[in-house]
Structures are given as C-alpha cells and as structure tokens.
Amino acid sequence: MAGVRFEALSKNYPSRGGGKPVEVIRDLSLSIADGEFLVLVGPSGCGKSTLLRLMAGLESPSSGEILVGDQPVSGLRPAKRNVAMVFQSYALYPHLSVRDNLAFGLRRSQKRTSLQQLQDQLHRNTRRLPAALRIPSHREQQLEKRIQDVAQSLELDQLLDRPPKELSGGQKQRVALGRAMARKPEVFLMDEPLSNLDAKLRGSTRARIVDLQRQLGTTTIYVTHDQIEAMTLADRVVIMNEGVVQQVGTPVEIYDNPANAFVASFIGNPAMNLISGKIAQGNFSAKDVEINGIDAADGLVTLGFRAEDAKVVERGGQINAPIYTMELLGDATMVSVRIGGALVSVKADKNYRANIDDMVHISVPNKICHLFNPQTGGRIGG
C-alpha cells in the first residue's frame, strides 16, 4: 500500500473562444496517508472528478506532480500506476459474465506469452469438463481463487455466471467494486459510485464500502457531491470550490468549525444559517434579529448558527419573525423564517404546530454563533 501526494497541481483547459485558459484545478497541494479514506466533496464543476482523472492517468496535469508513495506517476501510463477506479456508470462489459468482469483487469495485468495465453484460454473453455479432459493452467487457477475470494466478500459468489443485464443496480455496483479489489491496487479511486442507487441501497452499500476499505487498508480517494456520503465515509474530507481546496479536516472538524462561509453553507442538512448584519459594542443586529454578547470588533459581519443548536421558545427570543415555511420531519419540525434575503431554519419539537405567518421566537445563544467576513467569507476568530 502507499500514500498519495499532490504537489502544486494545476489543470487548465484551452478556452473555446480564444480567451484565457479555463482553470479547473489551481495549485493544489495535498497529502493522503497510507490506508486513509479521503473524500472529495463540492458542487458540480469544482474540479473533484478532474482530480480523480489526473490521479488515474486519464488526464495530464498542466503543472505540478502526483506521487504514489515516493514515485512520481504523472508521466506513467494508467496501467503502470497500480491504481483501480470505480466509475459512476459501473463500466461493466455486457458480453462477459460476472466472473470474467471481475477477472478482466487482473488478467490484463499479467504478462503472458502467446502460448501461455492459448493455454489459459483452453483452461477456461474446458473447466466444466471431466477432470481428465481439462487443460491445466496454474496462472488461471490462482486467478480463479482470487476471484472466488473477492466474490465471497461481496456476496457475489452465487452470481458469477450471470451477465450484467441480469443484475440489479446494487449487484452491478458490487461487481465494479470487486473488479477494482481483485487487482490489489495501491490506491482505490471511486467517482460517485453510489449515485445511481436508490436511497436505501446507498445506505447499505456505504456501510459495505467502509467495511471493505477497513479490511483491505487500501488508500482510497472517493469523489461525491453528496455530503452525507462525505460525512459518513471519510477519515478526512476535502471541500473544494472552483478548483481550490476550501478546507481539509475530519467530518466533525469541518461541521463544527467551518473555515469559511462557503463551507458553512455547503456542509449540513440544512446548511448553516447565515445572516448578514452588523456588530456594534458587542451586539449583533439585523432585521428581526438582536444577539448580545458577541465578542468581535464593530462592523459588518455574516453570523452563522446550526438549525439544531437554536431553539423555539414561547417569548423573548433573539430572532422574532413570522413563520415562512414548516416541514414535518418525523423526529422534528423544521421551522423557517426569512431574514432579509436569507432563509433561517431551526429544529423545533416534533409536536410543534403553528401556522404560516404566525410569529415565532427563536433562542440563539451567542455561544453557538460563528462569524465570517462578509467580503472574503473567511472565518473571524476561533
């Protein structure tokens, strides 16, 4: 196994209109530890899939270097990089069985003479004949054992002779994972592998991926736009926007202490509430909002807090505004108000009931508040 390093990596594409090149990734430096599960997350077009394609060798960087262990790999062909990629579309071969799909990459990676290839093909063609008529091949027997082990770990051993068209979406995804596992690569690359599955199947497959990665200990780089996947799968999360890393940290670090307003607005369901206002003598004020005891210099700020940290109270809240929307979530009721142009939400008790336009009082203690610079978006203070 091996760690991965991106050193001052950039990727530009020529402009179609003859203008400046389009910067997809800008001067990205990042170290991934051996055996780490790293998740890249960000909005569409932020550069996360491009970074994965650079790692796989499907694209070439404009500048910078990629290292697997201590070996630079930017100049190597994809087949020489010892990485395995799982695609969003599964990319299974429809004319091959599950068994042969699992074996495809492993078989292609073996160096064999023409005579050995013929012997291996004859072995596969005669493996169902009586023992006396089978053509032996030690290479194919070892490969078959590896495929059987992978199939059992993914509960595919009863499906090995089926073609992909007879599989469900979840089964196809497991075949794609198994094909990557069979090669025993130094690095797994996964590009939104669960996006085609329904919600229930995504949950169970997430758990399976985490368990397999822990068992194998293989360095894994996983791309998603789904923050739930990012928060539940990752040892560390990388938040990207417009080709630039916004924050790197554990899921808890990023959720509790977002580095800037973009991260605060991207991570969380619902996202962190952000209110534009001003501080004067330790008091934050905006339309329908008054929060005292804010430890910051006077001036314009963006104040943020999580919906679950605030509370609906009978009277005397720091936010007092008419209800804009209500959503019954089962375990809670999401109550939202409009503050300026922002929608501000709080989780009330599941039995809370009120009508649209009723006045709601929301308690927002100053200790739960985060402050951001309204121009740069950067975090203010700790």
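Biologist: In what order do the four strands of the open sheet stand?

Modeller: This is a predicted model. Its open sheet has the strand order 2-1-4-5, and the pairing is antiparallel.

Biologist: Which strands stand at the edges, and why is one side of each left without a neighbour?

Modeller: Strand 2 (22–32) and strand 5 (71–72) are the edge strands.

Biologist: How many bridges pair strand 1 with strand 4?

Modeller: Five bridges join strand 1 (residues 4–13) to strand 4 (residues 63–68), in the antiparallel sense. For a place to look, take Val-4: Val-68 in strand 4 stands opposite.

Biologist: Which strands does helix 1 lie across?

Modeller: Helix 1 (residues 48–56) lies across strand 1, strand 2 and strand 4. Against strand 1, helix 1 runs at about 115°.

Biologist: Now the helices. How are two packed helices described?

Modeller: Use the angle between their axes and the distance between the axes. Here, take helix 5 (residues 169–182) and helix 6 (residues 199–216): their axes come within 11 Å and cross at roughly 15°. Angles under 35 degrees count as roughly parallel. Helix 5 and helix 6 are therefore roughly parallel to each other. Their crossing is right-handed.

Biologist: Which residues make the contact?

Modeller: Helix 5 supplies Gly-170, Arg-174, Leu-177 and Met-181. From helix 6 come Leu-201, Arg-208, Ile-209, Leu-212 and Leu-216.

Biologist: How many residues in the contact of helix 5 with helix 6 are nonpolar, polar or charged?

Modeller: Six are nonpolar, one is polar and two are charged.

Notes
Residues are numbered from 1 along each chain as its sequence is written. This is a predicted model: local features need pLDDT of at least 70, side-chain atom pairs count only at pLDDT 80 or more; totals for chains, interfaces and linings use all residues. Side-chain values use heavy atoms; hydrogens and water are left out. Two strands pair if DSSP finds at least two bridges between them. Helices (H or I, at least four residues) and strands (E, at least two) are DSSP runs, numbered from the N terminus. Contact means heavy atoms within 4.5 Å. Axes are lines fitted to C-alpha atoms, for helices over the stretch in contact, and angles run from 0 to 180 degrees between N-to-C directions. Angles under 35 degrees count as roughly parallel, over 145 as roughly antiparallel, 65 to 115 as roughly perpendicular and the rest as oblique. A crossing is left-handed if the near helix is turned anticlockwise from the far one by less than a right angle, and right-handed if clockwise. Ala, Val, Leu, Ile, Met, Phe, Trp, Tyr, Cys and Pro count as nonpolar, Asp, Glu, Lys and Arg as charged, and the others, Gly among them, as polar.
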